[in-house]
Amino acid sequence: MAEGLVIDDLARRFGGRWAVARVSLTVPRGTVMMLTGANGSGKTTLLRCLATALRPHHGRALFDGQDLWQRRASMRPRIAFLSHQLRLYDDLSARDNLGVWADLGGLRPDISALLTQVGLETHRPDPVRTFSAGMRRRLSLARMLLRQPDLVLMDEPFSAFDPPGQQLIRDVVRQAKQRGATVVITTHVPEIAQAVCDTRVHLDAGQIA
Amino acid sequence: MSAMLGQIAAIARKDLLIEWRSPSRISGLFFFSLALLLMVAFATGASTSILHKIAGGSLWLGVLLASTRSLDLSFSIETDQDALEGLLLWPVDPRAIYYGKAVANTMVLVVVATLLTPLMIAMYDAPIRGNPAIFAGFILFGSAALAAPGTLYALLTTRARAASVLLPVLLFPLVVPALVAASAGTTLVMEGDPMVQAPSWLALLVAFDALHWSLGGLLFGRVLEET
């Protein structure tokens, strides 16, 4: 049984347009892959297929030998997806937001420590609607850190972050890698991500270029 | 099973906490319903006998209209930043999302109906002459009867362009039996229920709830995966 991520001839269309067209690649455990490509090249669609947010229309993606879509109920707790959509509740505080997601996962994390790790320790009681874009991204990252997932998917993780925030992302990626997790990062700025990435794949019109 | 119960409690707690932290939402629902009660009272004139007859129906008309806004808001907080997809991927059991949100929606409607009741009694000069516990039963099961199908239909319409229009169009015909039972039963309790008919209407309401709370739990997951 292959360890890590195996994408086998995966394709996904929207209407008649193939956003991802028969992509095959392998990312072993403990490896960080950078996925680059222009806007509309299929990076986010591929990541959403891996996150089981979208069903592939052709092919499949396996993680540790398990079909991600077919076994999505058991695989989802092993996957973390840092999406463009931040999935926060604006009327709740930073602490309440993390508390909600922890309760839903049956987790008992040290929320104060997590908020300190992402640099939001002084904003614990503040409603998220008062947060800047970068602070929201930090809180979304903290939610991802509630779990220690085996497959980490990050869609443009460096966007909206200041340089210390970008370093925070790199630290999180390094820690995931040391744990043996497989990490896939999409980015438009490879020079920021390359310090933590082992391999790089470029997508063009839904295909590996 | 205990994990799902924990998730139901977490979803309900989260929705109620959001209502608590944004009191303008529930007060908006309340004043909207209150305005309706006032208009009906003024439109029918000062005839006490007519006001007594329509008191129960007016209360439920107010709660029904408040429910469409409340149900719409309960899913807009999930779709604004795609939190609904986040819940699915976390993963949260779709039945837990449904039951958690339906419980929270029921409680919001119970609060609105409870706040409206004393004002309705004062404006319509229609005291509760029957058993207050049965009246409370109508408030609880009537609110649950609006929340159960409403939560499912709110999900169905949440991504539609005219969600706030589509939701009442789909929901109102479905909840007619529940509204008839709640209105008739509430009016009977307010008039003293000399023929002891109210418990039959309450039983009908409980049967409606049992059917729709079961169906909602079965169908919600399928609808959620497709939206």
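In this predicted model, the contact between the two chains draws 21 residues from chain A and 19 residues from chain B. On the chain A side, helix α3(A) gives the most, with five residues. Sorted by class, the side of chain A that touches chain B comes out as 12 nonpolar, four polar and five charged residues.

Just past the end of α3(A) sits G106(A), with a positive phi of about 65°.

Elsewhere in chain A, four strands make up an open sheet, ordered β2-β1-β4-β5, with antiparallel pairing. Its edges are β2(A) (17-27) and β5(A) (66-67), each of which pairs on one side only. Seven bridges join β1(A) (residues 5-14) to β2(A), again in the antiparallel sense. Within that stretch of the sheet, I7(A) faces L25(A) of β2(A). A helix is laid over these strands, too: α1(A), residues 43-50, lies across β1(A), β2(A) and β4(A) (58-63), and runs at about 65° to β2(A).

The largest nonpolar core counts 134 residues, and the ones with the most contacts inside it are L153(A), A145(B) and L205(B). Helix α6(B), residues 132-157, gives the most to this core, namely 16 residues. As for A145(B), leaving aside residues up to four places away in sequence, it touches V175(B), A178(B), A182(B), L205(B), F208(B), D209(B) and H212(B). One of these partners, L205(B), is itself among the residues with the most contacts inside the core.

Stepping back to chain A as a whole, the chain has seven helices and 10 strands. Its C-alpha trace spans about 45 × 35 × 35 Å along the principal axes. A compact globule of 209 residues would have a radius of gyration near 17 Å, and chain A has 17 Å, so the two agree. Buried residues account for 45% of the 209 residues in this chain. Of the contacts in chain A with a separation of 6 or more, 71% link residues 24 or more positions apart.

Technical notes. Residues numbered from 1 in each chain as written. Chains lettered and ligands numbered in written order. Predicted model: local features only at pLDDT ≥ 70, side-chain atom pairs only at ≥ 80, totals over all residues. Helix = DSSP H or I, 4+ residues; strand = E, 2+ residues; numbered from the N terminus. Core = buried A, V, L, I, M, F, W, Y, C linked by C-beta atoms within 7 Å. Buried ≥ 20, exposed ≤ 12 C-beta atoms within 10 Å, placed from the backbone. Contact = placed C-beta atoms within 7 Å. Pairing = 2+ DSSP bridges. Axes fitted to C-alpha atoms, helices over the stretch in contact; angles between N-to-C directions. Nonpolar A, V, L, I, M, F, W, Y, C, P; charged D, E, K, R; others polar. Rg over C-alpha atoms; globule rule 2.2 N^0.38 Å.
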